[in-house]
Amino acid sequence: MELTGKDASARDYFLLMSYTGMRKTDMSHLTNENIIVYKGVRMISFHESKVKTDRAFVITPEMETIFDKYNGGFPTPKVSGNYILTSIKEMTGNDR
């Protein structure tokens with residue numbers, strides 16, 4: 001299924017959330033400034049809201065594939081966590 005615009009962005013945010021285990025609230029606050037290079041390794045660095053601690057994830061090759069679609073940054077257009085969940089339900093035909 002070829003997706004464009006907000007639906008493609010929602011799918012890619014969902015995949016990033018799956019690869020990292022991040023909550024939709026934390027994911028929705030990230031910007032390209034959260035992508036850092038530490039000792040030559042690209043990472044996502046952020047402050048986790050629920051447990052109020054700093055976290056960092058190494059960007060895996062699968063994640064890099066997503067970032068490459070958006071010129072090395074996070075998916076655009078930016079979408080809300082609720083839009084991500086609604087879109088994924090529609091795409092999978094799972095409305096529970």
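**Close-up views of a predicted model**

**View 1. Thr20 and its surroundings.** Leaving aside residues up to four places away in sequence, Thr20 touches Met27, Phe57 and Met63. The model you are looking at is predicted. Thr20 belongs to helix H1. Is this residue buried or exposed? With a relative accessible area of 10%, Thr20 falls under the 20% cut-off, so Thr20 counts as buried.

**View 2. The polar contacts of the Thr20 side chain.** Now look for two backbone atoms beside this side chain. The backbone oxygen of Leu16 is 2.9 Å from a polar atom of the Thr20 side chain. The backbone nitrogen of Met22 is 3.2 Å from a polar atom of that side chain.

**View 3. Helix H1 meets helix H4.** Residues 5–20 form H1 and residues 81–92 form H4; the two pack at an angle of about 100°, their axes 9 Å apart. That angle makes H1 roughly perpendicular to H4. On the H1 side you can find Lys6, Asp7, Ala10, Arg11, Tyr13, Phe14 and Met17, which meet Tyr83, Ile84, Ser87, Ile88 and Met91 of H4. Sorted by class, this contact has eight nonpolar residues, three charged and one polar.

**View 4. The largest nonpolar core.** This core has 21 residues, and those touching the most other members are Leu16, Met27, Leu30, Ile44, Phe67, Phe74 and Ile84. At least two core residues come from each of H1, strand S2 (41–48), helix H3 (61–69) and H4. Which element gives the largest share of this core? H1 does, with five residues.

**View 5. Phe74 and its contacts.** Not counting residues up to four places away in sequence, Phe74 touches several residues, including Tyr13, Leu16, Asn32, Ile44 and Phe67.

Key
Residues numbered from 1 in each chain as written. Predicted model: local features only at pLDDT ≥ 70, side-chain atom pairs only at ≥ 80, totals over all residues. Heavy atoms only, no water. Axes fitted to C-alpha atoms, helices over the stretch in contact; angles between N-to-C directions. Helix = DSSP H or I, 4+ residues; strand = E, 2+ residues; numbered from the N terminus. Parallel < 35°, antiparallel > 145°, perpendicular 65-115°, else oblique. Contact = heavy atoms within 4.5 Å. Nonpolar A, V, L, I, M, F, W, Y, C, P; charged D, E, K, R; others polar. Buried < 20%, exposed > 50% of the residue type's maximum accessible area, 1.4 Å probe, protein only. Polar contact = N/O pair within 3.5 Å; in protein donor to acceptor, adjacent residues only side chain to side chain. Core = buried A, V, L, I, M, F, W, Y, C linked by side-chain atoms within 4.5 Å.
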